[in-house]
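Please find below a short note on the model under review.

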Amino acid sequence: MQGQEILPAIATYLLDSARANGGKAPSERDLAEHFSVSRGQVREALAILEAMQVIERRAKSGIYVNTDNTGIEAMAFLARAGLPLENRQIYEAVEVRKIHEIKAAELAAARADDENFDRLRDILARSEKRIAQGEGIDGLDQEFHLEIVRATQNTLFLNICTAFYELGGNRLKVYFRDPDRNRKSHEEHKQIFEALVNRDAALASALMVSHLRGAMSYWSELLQPAELSD
């Protein structure tokens with residue numbers, strides 16, 4: 001077993017242990033014994049977590065967990081591992097996603113090709129079917145928005161936005177439990193699509209602003225105001 005293979009388990013254990021110990025994590029030796037692996041394997045996993053700024057090594061003190069100032073890659077990793085994020089992190093991720101996607105709509109209006117439009121049409125058709133069956137469109141909502149980012153023809157842009165969506169997969173399921181929210185979101189998707197097809201960058205951007213405002217309002221109300229204002 002390589003360090004990367006035990007990475008999620010080590011990350012979970014580190015965070016749980018650190019919370020109960022003032023932020024200090026177990027040592028390499030303790031981790032190796034706990035998981036019955038070599039210290040080399042543990043060291044490899046810790047190096048990855050350190051590169052993502054999830055942990056920091058302090059000379060003559062030990063390993064400490066730091067989830068307050070982690071980058072988007074680390075936050076996405078923690079989300080994939082099923083570890084909870086702080087409310088502030090959730091809100092900030094939604095806010096930055098909004099900034100990115102408004103610009104994406106503007107660029108996609110100029111750059112989208114026939115393949116992008118075909119994929120968007122297919123997503124809308126599948127969304128229509130799911131809504132008719134009384135099912136949520138959380139996964140299709142993600143597909144729709146990421147296809148617009150893909151239509152910018154900017155791979156780095158797509159990678160960044162994909163990481164943001166990895167933070168919110170479970171929350172999207174909660175958001176789309178409401179049938180009315182599914183229908184409203186789908187209608188707004190159709191309007192955005194029409195603006196893209198018509199190459200109307202200003203309208204596509206404005207519609208995206210309006211569309212994402214609902215999500216921002218939802219999460220602003222849901223998250224505890226005290227934690228957002230610390």
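This is a predicted model: local features need pLDDT of at least 70, side-chain atom pairs count only at pLDDT 80 or more; totals for chains, interfaces and linings use all residues.

1. The average pLDDT of the protein is 80, and 76% of the residues score at least 70. Confidence is highest in helix H6 (residues 114–132), with a mean of 97, and lowest in helix H12 (residues 225–228), with a mean of 41. Over residues 222–230 the pLDDT is below 50, and this stretch has 14 contacts in the model beyond near neighbours in sequence.

2. Overall composition. The secondary structure consists of 12 helices and 3 strands. Of the 230 residues in the protein, 43% are buried. Among contacts with a separation of 6 or more, 68% are between residues 24 or more positions apart. The protein exposes about 12,000 Å², of which carbon and sulfur atoms supply 49%.

3. Helix H1. This helix covers residues 7–19; its end C-alpha atoms are 18 Å apart, in agreement with the 18 Å that its 13 residues should span at 1.5 Å a residue. Its buried residues are Leu7, Ile10, Ala11, Leu14, Leu15 and Ala18. Viewed down the axis of H1, these buried residues fall within an arc of 130 degrees, and they therefore line one face of the helix.

4. Helix H7. Which residues of H7 are buried? They are Asp138, Leu140, Asp141, Phe144, His145, Leu146, Glu147, Ile148 and Val149. The helix spans residues 138–150, and the distance from its first C-alpha to its last is 18 Å, close to the 18 Å expected for 13 residues at 1.5 Å a residue.

5. The link between H6 and H7. The model contains 16 salt bridges. In one of them, the side chains of Glu147 and Arg119 meet at 2.9 Å, N to O. Glu147 lies in helix H7 and Arg119 in helix H6, so this pair ties together parts that are 28 residues apart in sequence.

6. Salt bridges within single helices. Arg126 forms a salt bridge with Asp122, and their closest N and O atoms are 2.9 Å apart. The two residues are 4 positions apart in helix H6, so about one helical turn separates them. Arg126 is partly exposed at a relative accessible area of 32%, and Asp122 is partly exposed at 39% relative accessibility. A further salt bridge joins Asp180 and Arg183, with the closest N and O atoms 2.3 Å apart. Both residues belong to helix H10 (residues 179–197), where a spacing of 3 residues places them about one helical turn apart. Arg183 is partly exposed, with a relative accessible area of 41%.

7. A salt-bridge network. Glu28, Arg39, Arg43 and Arg57 are linked in a network of salt bridges. The residues named here comprise one glutamate and arginines at positions 39, 43 and 57.

8. Val96 and Cys161. Val96 is found in helix H5 (residues 87–111), and at 29% relative accessibility it counts as partly exposed. Val96 and Cys161 are 65 residues apart in sequence, while their C-alpha atoms are 9.3 Å apart in space.

9. Most residues other than glycine have a negative phi. Where does Gln153 lie? Gln153 is in the loop between H7 and helix H8 (155–167); its phi is near 65 degrees, a positive value in a residue other than glycine. At 46% relative accessibility, Gln153 counts as partly exposed. Arg199 also has a positive phi, near 60 degrees. Arg199 is found in the loop between H10 and helix H11 (201–222), and it is partly exposed at 39% relative accessibility.

Notes: Residues are numbered from 1 along each chain as its sequence is written. Side-chain values use heavy atoms; hydrogens and water are left out. Buried means under 20% relative accessible area, exposed over 50%, partly exposed in between (1.4 Å probe, protein chains only). Contact means heavy atoms within 4.5 Å. Accessible areas come from the Shrake-Rupley method with a 1.4 Å probe; for residues, only the protein chains shown count as cover. pLDDT is the predictor's confidence in each residue, from 0 to 100. The expected span of a helix is 1.5 Å times one less than its number of residues. A salt bridge is a side-chain nitrogen of Lys or Arg within 4 Å of a carboxyl oxygen of Asp or Glu. The arc is that of the directions from the helix axis to the C-beta atoms.
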